[in-house]
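My entries are below the display.

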Amino acid sequence: MAKNKSVIFECQHCGNQQSKWLGKCPDCGSWDSFIELKAEQIAVLKEIATLGSASNEAVCIEEVKIETLKRISTDDHELDLVLGGGLVQGSLVLIGGSPGVGKSTLLLKIASNLAKKGTKVLYVSGEESKTQIKLRANRLEANAKELFLLTELCLEDIIAQIHKGGYEVLIIDSIQTLYSNKITSAAGSLTQVREITFELMRLSKAHNISTFIIGHITKDGAIAGPRVLEHMVDVVLYFEGDSTREIRLLRGFKNRFGNTSEVGIFEMSARGLISAKDIASRFFVRGKATSGSALGVIMEGSRALIIEVQALVCESSYPKRSTTGYEKNRLDMLLALLERKLEIPLGHYDVFINISGGVKVNETAADLAVVAAIISSFRNRPLSKDSVFIGELSLNGEIREVFSLDTRLKEASMQHFKNAIVPIKALEKIDIKCFVAKELSQVLEWM
């Protein structure tokens, strides 16, 4: 009997597909993770692969008319900022984050905000009972007549309920708990997640329903499921932050209706996650000057944040390099630069770097502050708490310019800093004294 060539085996850990069963996945290395997909499942995969490729006539770009996007304000300034100005009708938004970071709390509050304005919202939970959600709603003051709860795991039953109710906003908590009767694999498998997301996308576009999807993340920090999920949805947001800290960051990694440079900053309070107010001084301490501490200014979207870089340098027989909130490879480069240009013998020293407040630095403008903190700790010489260090270091020891320098200096001036060590002077008149340093060796003059 001839073998069916249409059979596909898929890894349930990474989504790798093979024409035959394999004991070990060649991509992720998982054992016994391949399952056979049925004909219906293969048809779904083909439909997803050809999504948006329907044949139509080409149109001259000059003849294309721009459609105005209709946005709904969520009454949360930070979330509206990340979304690009509000929630777009008919959009599909994927929110990921570690357990306990506040995804469900935030979306329940947003659902309440929308419902209080007359928008009909359906909150679907596959993890909590209605009583548990009601208790959280009482605590968050999130009760509203237009907010409806549904505890259901079957996708077909959820869709039937949506058709009955005429809802405008749908919240799914979470995508990994749902299953479809069309798929034989277990809930949370890659095939289930992909099929359910595809059906929710078709539902949102066909009925103009704005949909939020909560997704769990893997141990590597990525949203669990195949990468095709992030291509199918319109917006991908990630929650960052330690559940033991009050401040949480919401970053946009994809947005078809706006830019991804903005970052929402939230504060966990007794009333849940709220837009953080007066966050300017949350990431540094203006106390007594101590060695190993330097202040820098980074950009998070359109706002400038002053951060405290802490460094600990101590002699060791087996040197270690460790960072929290800063890229380790970048630290290794800066340490090599200090040894080469300033002849500081760090080869026999442990070096630990910490960015206070739980902030993750993703730009090079903090290089100068990191170097200043390391030198301060090495020499056991405190730095002034009235000074900020702003600049990027090149491999030859030059201090390079950074973007939005005037914005950074304005923020430092508003926080009553007196001095700034920068690569160039500010173009605008700012009430802060700038010391220009073009090379790394010049920084030592202010330390």
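**Set-up.** I am working with a predicted model: local features need pLDDT of at least 70, side-chain atom pairs count only at pLDDT 80 or more, and totals for chains, interfaces and linings use all residues. Residues are numbered from 1 along each chain as its sequence is written, and side-chain values use heavy atoms, with hydrogens and water left out.

I took helices (H or I, at least four residues) and strands (E, at least two) as DSSP runs, numbered from the N terminus. Strands count as paired if DSSP finds at least two bridges between them. I found an open, antiparallel sheet of three strands in the order 2-1-3. Its edges are strand 2 (17-18) and strand 3 (34-37), each pairing on one side only. Helix 6 (residues 190-207) packs on this sheet and touches strand 1, strand 2 and strand 3. Contact here means heavy atoms within 4.5 Å. I read about 100° between the directions of helix 6 and strand 1; axes are lines fitted to C-alpha atoms, for helices over the stretch in contact, and angles run from 0 to 180 degrees between N-to-C directions. Strand 1 (residues 8-11) meets strand 2 over two bridges. I noted Q17 in strand 2 as the bridge partner of E10.

**Cores.** A nonpolar core is a set of buried Ala, Val, Leu, Ile, Met, Phe, Trp, Tyr and Cys residues joined through side-chain atoms within 4.5 Å. Buried means under 20% relative accessible area, exposed over 50%, partly exposed in between (1.4 Å probe, protein chains only). The largest core has 47 residues, and I307, L338, I353, I374 and F389 have the most contacts inside it. Helix 9 gives the most to this core, eight residues. A second, separate core has 33 residues, including V82, L83, I171 and L237.

**Helix 5.** In helix 5 (residues 155-165), I listed L155, I158, I159, I162 and G165 as buried. They fall within an arc of 130° seen down the axis, so they line one face of the helix. The arc is that of the directions from the helix axis to the C-beta atoms. These buried residues pack against strand 7 (121-125), strand 8 (147-151), strand 9 (169-173) and helix 6. Just after helix 5, G166 has a positive phi of about 65°.

**Strand 13.** Five of its seven residues are buried, so strand 13 is largely enclosed by the rest of the structure. Strand 12 joins strand 13 through five antiparallel bridges. Strand 13 also forms a hairpin with strand 14, with two residues between them. I see M268 opposite L273 in strand 14.
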